[in-house]
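Subject: Structure for your review

Dear colleague,

Please find below the structure that I am handing over to you.

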Amino acid sequence: NKVSFFGKTPRFLVYQYHGLISERYDLFIGDSVITSDGHDGRIAVINTLDNIEKVIEAKSKYDIYPIKKWRYHRWMKDAQNKKMQHALESQSYEALYYNPFTQKYYRIFHPKMEKMNKEGLLNTDEDKKCVLMVFDTDFKIIDEVLLPIKRLQILKLFPIKDGVAIYLPAL
């Protein structure tokens, strides 16, 4: 039996710099592990048979600002609120979803958001926009759709024969 290890950056280092948007997502399809991170648009496809990793730049066209890196310390005054504010204002990517009917991948991207809106009110997580990204089997972006719903309204994506269904919780 053989145990293989994938990845190059310890998760605690990514968390220190990106906080709550440092989530790593893994999708297992056939002999491949497809990984992506919440803090950048790259997708890595790892062939588990030969350990060859292919990294693909798959950034949204709405991803135009670099995520501000910031080190979090547990003893920092008001650290939890600062982490929440950093996550709120920074852009982020959600997990990849595969549709076996259409042979396409889907992903939600949330663009950067300012602390205050145009009316001078504080933005909240409910104000964050959503972009649906559509990829072919080589992870080339086919389309990006700015959705008319906000971040907290999307719960899950589900593959259907004609594309993807977005499950919205009761509002």
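The mean pLDDT of the protein chain is 76, and 73% of its residues reach 70 or more; pLDDT is the predictor's confidence in each residue, on a scale from 0 to 100. This is a predicted model, in which local features need a pLDDT of at least 70 and side-chain atom pairs count only at pLDDT 80 or more, while totals for chains, interfaces and linings use all residues. Residues are numbered from 1 along each chain as its sequence is written, and side-chain values use heavy atoms, with hydrogens and water left out.

Confidence is lowest in helix α1 (residues 11–18), with a mean of 42, and highest in β7, with 91. Over residues 1–18 the pLDDT is below 50, and this stretch has 31 contacts in the model beyond near neighbours in sequence; a contact means heavy atoms within 4.5 Å. Where pLDDT is low, the predicted coordinates should not be read in detail.

The protein chain holds two helices and 10 strands. Helices (H or I, at least four residues) and strands (E, at least two) are DSSP runs, numbered from the N terminus. In order from that end, the elements run α-β-β-β-β-α-β-β-β-β-β-β.

Of the 171 residues in the protein chain, 36% are buried. Buried means under 20% relative accessible area, exposed means over 50%, and partly exposed lies in between (1.4 Å probe, protein chains only).

The largest nonpolar core has 14 residues, of which I34, I43, L96, Y105, M133, F135 and F139 touch the most other members. Such a core is a set of buried Ala, Val, Leu, Ile, Met, Phe, Trp, Tyr and Cys residues joined through side-chain atoms within 4.5 Å. Two or more residues of this core come from each of β3 (43–47), β5 (92–99), β6 (104–110) and β7 (129–135). The most come from β7, which gives three. Another core lies apart from it and has eight residues, among them Y106, C130, V134 and I149. Leaving aside residues up to four places away in sequence, Y105 touches partners including L27, I34, L96, M133 and F139.

How do β5 and β6 run relative to each other, parallel or antiparallel? They run antiparallel and are joined by six bridges; two strands pair if DSSP finds at least two bridges between them. Within this pair, Y97 stands opposite Y106 in β6. The two strands form a hairpin with four residues between them, and Q103 in the turn has a positive phi of about 60 degrees.

Side chains of opposite charge can pair when their charged atoms come close. A salt bridge is a side-chain nitrogen of Lys or Arg within 4 Å of a carboxyl oxygen of Asp or Glu, and by this rule the count is one. R42 forms a salt bridge with D40, and their closest N and O atoms are 2.7 Å apart. R42 counts as partly exposed because its relative accessibility is 40%, whereas D40, at 14%, counts as buried.

Finally, I64 is found in the loop between β4 (52–56) and α2 (79–89). I64 is exposed, because its relative accessible area is 59%. The C-alpha atoms of I64 and P111 are separated by 8.4 Å, although these residues are 47 apart along the chain.

Yours sincerely,
A colleague
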